[in-house]
2 protein chains.
Amino acid sequence: MLNVIRPDGNGVSATDRGLAYGDGLFETIRMRGRQAVLRSYHLDRMVADAGRLGIPVERSDLDAEISRSGCDLASQYGDDWVLKLVLTRGSGGRGYRSPVECEPSLIVTSSLMPILPPPGGVVAALSKFPLTVNPRLAGIKTLNRLEQVMASREFSGEEFELIMANADGQLLEGTRTNLIIRMKGEWVTPPVESLAVAGVMRQFALECLRASGHTIREQIIQPALLSSPGLRGLYLVNSVMGIVAVRRLGSVDLPVDDGLETICDPLKTLE
Amino acid sequence: MLNVIRPDGNGVSATDRGLAYGDGLFETIRMRGRQAVLRSYHLDRMVADAGRLGIPVERSDLDAEISRSGCDLASQYGDDWVLKLVLTRGSGGRGYRSPVECEPSLIVTSSLMPILPPPGGVVAALSKFPLTVNPRLAGIKTLNRLEQVMASREFSGEEFELIMANADGQLLEGTRTNLIIRMKGEWVTPPVESLAVAGVMRQFALECLRASGHTIREQIIQPALLSSPGLRGLYLVNSVMGIVAVRRLGSVDLPVDDGLETICDPLKTLE
């Protein structure tokens, strides 16, 4: 039985495991009026990853909640707003041990769209905060996001995004975005098993690229790749803002084009 | 300004960052009536680690809350009970980015003492779930405890504790305990910088050992150490249950004595 907590109701129990341990996961969904952009991608991911964590949930319950929230909340916003679903293992169990009978919490919140950057590309920098990825949790948008919080303390005002590396210095992802790199002749992105969060927009963009006949290589990114003469562009992607090109990384200017945006527009999926 | 949420009040805000990202830390304190065992150790650790996370808190506010909770809650329990303090960065901020003006939440809950094992040592097993430690967060009892939750799903009924290893197979700690190993002539424990959680009881036990003239070596534990002929005992320690000896790890019987309990009794600090 899903315990739904909506914005107008009571708060979250002080014993909810989502608070106590980050025992849960979330989806951040771009909304257009009552419609959810990339809806099936978000639903599929939440159900699959809840399964990996052993949190029982029905796709139909999540789907119904998106519809209900769309109806209830859309009038508060203009056309574009953001719906967030947090699914936790609920309360109970002894310490870290899961309760035998699990009553998950689904906490629904909403917010304005963030300010999208102007065209022409953004400035990014490398974070000094290392990113660790547990191979058993790779790719899952769990509530354990303290590393992204700590990296985000480095924002100084100029950067649109901070890019995080693992202990070996390999580039993995931004604090809130995935990386897709255009090289001469192919596109490169780190593989899911290396990532903290495997984004829905990353998945959609790769599908668009493949459908358009482009070659994709999923491989770990060495920083040197971004100084390579074959580099054609570095893109940051997430489902709220879509695709943003990086015009400068640290002190290095990068080539910019709108190639990926041309190939891949998630808003078209609403038609 | 600290926003204190007590057991009899409203719940936690749906936008609290402790829920959204595990953006916070906690202390689990053994209580004897109104008294907190190892009180100054818990206070010192929470203040120091809140500082590492950049969450502003006054030691005096935490101290006052322990006293208040001791008075309010002790009568519900027998002599022995458990007080839990959860400190989060509160609500606010854009996404992972911290709010400029931070209003931390302090969430207070309590529970019965867990059932302590009978003397003679317990059975433990090695967890299959790897433990990753971000070097910048090493030792901190943050709210990002999903790995301990996932490892704990392996409890099958017989084991008192599951011991977690890193990706290299080196033994780090139990899901809810630290490891102290007695060898012929010295005591061995993994160093703080290798740990997910550096426990208060671990610290107290090491201080007792040093004060009694024992030699301590802080080093990474290779599993082979536990089959070594020099092994005299494997102890699991945490501040709620104190010290527990392991009589069997997986299929391997281990020597058991009450040496560490003799050297080190946190309840004596209440006198």
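Biologist: Leaving aside neighbours within four places in sequence, which residues is B:Gln219 in contact with?

Modeller: Bear in mind that this is a predicted model. B:Gln219 sits in the loop between β11 (216–218) and β12 (231–238) of chain B. Setting aside residues within four places in sequence, its contacts are B:Val188, B:Thr189, B:Pro190 and B:Pro191.

Biologist: Is B:Gln219 buried, partly exposed or exposed?

Modeller: The relative accessible area of B:Gln219 comes to 24%. Buried would need under 20%, and exposed over 50%. That makes B:Gln219 partly exposed.

Biologist: OK, over to B:Glu159. How far away is the nearest side chain of opposite charge?

Modeller: B:Glu159 is in the loop between α4 (146–152) and β7 (161–165) of chain B. It's buried, yet it has no salt bridge.

Biologist: Which side chain does the side chain of B:Glu159 make a polar contact with?

Modeller: Not counting residues up to four places away in sequence, B:Glu159 touches B:Val123, B:Ala125 and B:Glu154. The polar contact, at 2.8 Å, goes to the side chain of B:Ser156.

Biologist: And the two chains: what kind of axis relates the copies?

Modeller: Chain B can be laid on chain A with an RMSD of 0.0 Å, using a turn of 180° and a shift of 0.0 Å along the axis. The copies are therefore related as by a two-fold rotation axis.

Biologist: What percentage of chain B's interface residues are also interface residues in chain A?

Modeller: The copies meet through the same surface.

Terms used:
Residues numbered from 1 in each chain as written. Chains lettered and ligands numbered in written order. Predicted model: local features only at pLDDT ≥ 70, side-chain atom pairs only at ≥ 80, totals over all residues. Heavy atoms only, no water. Helix = DSSP H or I, 4+ residues; strand = E, 2+ residues; numbered from the N terminus. Buried < 20%, exposed > 50% of the residue type's maximum accessible area, 1.4 Å probe, protein only. Lys, Arg positive; Asp, Glu negative; His and termini not counted. Salt bridge = Lys/Arg side-chain N within 4 Å of Asp/Glu carboxyl O. Polar contact = N/O pair within 3.5 Å; in protein donor to acceptor, adjacent residues only side chain to side chain. Contact = heavy atoms within 4.5 Å. Least-squares fit on C-alpha atoms with pLDDT ≥ 70 in both.
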